[in-house]
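Dear colleague,

I am handing over the structure below, and my notes on what was found in it follow directly after. Please read them with the model open beside you.

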Amino acid sequence: MKIWIDLTNAPHVRFFKNIIEYFQDQGEEVIITGRKFGDIHNLMDLFGFEFISMGKHGVTLGQKLEESTLRAHELSKLIIKEKPDVAISKHSIELPRVTFGLNIPSVYVLDNEHALAANKLTLPLCNRIIMPQAIDMWTLLRVGADPNKIISYKGTSEIIHFKNFEYNENIFEDLSLDLKKEKTILMRPEPSLASYLDADCRKSVLTPVVDVLEQHANILVIPRFKEQEEIFKDYNNVTIIKPPVDTFSLMKKCDLMIGAGGTMNREAAIVGTPVISCYPGQTLSVDKFYIDQNLMFRSNDAEEIINMALRLMINKDSSNKLETDNLFEMIIDNVYDVAGKNRPL
């Protein structure tokens, strides 16, 4: 069986890592395409995956439309030639459109119900949609998803990132971090270039928080792109962490995670590190899943975030246990099912 996997954002590389390895171990032929965006290429090289670089990210609405159209065109030419039996992606705009046009069955993994433009363009075209139970199905039906094609699971997509995770207790030493304070906070700025968030990539909601907290703890910042690196480079007690790096061990080692995005916040919650979400957009259902279990806290008020951070660093509690479904097995089963193939025993 020939499987096409399309990667359009850096977290997707970790998400699909074990899935890719499973299919390859089963002797399936896997075609991987990756958009030039963030650390996709670096992570693919780190994991040793062969892939085809195709397309890039647009900043303005006009550029997004142009780049997505160009990418769909280039992918179409490739997929017409390769003739895969099935395709799978996580929030790829182009894959569902290409597979629908070429009558190739597709599996679509979704965890953001607020990405309306992307969901309208993709969900009506997918043969199988895998989503967290935390998301209200009606939000997807309103943009054209077929309820008969939706498979839901308990948990969030990040649980699959930790399938073979081995904690590195010495991550600070391995990164040669010069830490002067007793406590350490990991921070991740907002996804300013995303279509679903209206934000300036040269500013961050984290700066007023860093202004105060750098006096109390070591601050580690993982920027998404160069403009965000520039925002934090002149702080005295801020260290810029440049991927690729073992972020799972890093967030587990830290005393607190403060993130203006989503994926790394949820990953930190899974490894048991206290998390404060200051995402400037509407709260995602997948974040509420962790908030309801007291594994994540949320605020957009800088003073409240600072006070919360000082309290959580002292009282780090990782006793809450997370119960989830086996998303890895669910994805593998659905890929074989929509392709009309029997899964190897």
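I begin with Ser249, which, leaving aside residues up to four places away in sequence, touches Phe165, Glu166, Tyr167, Asn168 and Ile171, where a contact means heavy atoms within 4.5 Å. This is a predicted model, in which local features need pLDDT of at least 70 and side-chain atom pairs count only at pLDDT 80 or more, while totals for chains, interfaces and linings use all residues. Residues are numbered from 1 along each chain as its sequence is written, and side-chain values use heavy atoms, with hydrogens and water left out.

Ser249 lies in helix α10, residues 247-253; helices (H or I, at least four residues) and strands (E, at least two) are DSSP runs, numbered from the N terminus. With a relative accessible area of 0%, Ser249 is buried, the terms being buried for under 20% relative accessible area, exposed for over 50% and partly exposed in between, with a 1.4 Å probe and protein chains only. Its side chain makes a polar contact with the side chain of Asp246 at 2.6 Å. A polar contact is a pair of N or O atoms within 3.5 Å, of which, within protein, one must be able to donate a hydrogen and the other to accept it, and residues adjacent in sequence count only if both atoms are side-chain atoms.

Two further buried residues sit in strands. Asp6, in strand β1 (residues 2-7), has a relative accessible area of 0%, and its side chain makes a polar contact with the side chain of Arg71 at 2.6 Å. Apart from residues up to four places away in sequence, the residues that Asp6 touches include Thr33, Gly34, Arg71 and Glu94. Asn218, in strand β9 (residues 218-221), is buried with a relative accessible area of 2%. The side chain of Asn218 reaches the backbone oxygen of Lys181 at 2.9 Å, and a polar atom of that side chain lies 3.0 Å from the backbone nitrogen of Lys180. Lys180 and Lys181 are also among the residues that Asn218 touches, as are Thr184 and Asn237.

Most residues other than glycine have a negative phi. Asn103, in the loop between α4 (94-101) and β5 (106-109), has a positive phi near 60° and is exposed, with a relative accessible area of 71%. Ser176, in the loop between α7 (171-174) and β8 (184-188), has a positive phi of about 55° and is likewise exposed, at 62%.

As for the whole, the protein has 14 helices and 13 strands. Its radius of gyration is 20 Å, close to the 20 Å that the globule rule gives for 345 residues, so the protein is as compact as a globular protein of that length; the radius is taken over C-alpha atoms, and the rule is 2.2 Å times the number of residues to the power 0.38. The C-alpha atoms fill a box of roughly 60 × 45 × 40 Å along the principal axes, and buried residues make up 54% of the 345 residues. Of the contacts between residues at least 6 apart in sequence, 61% join residues at least 24 apart.
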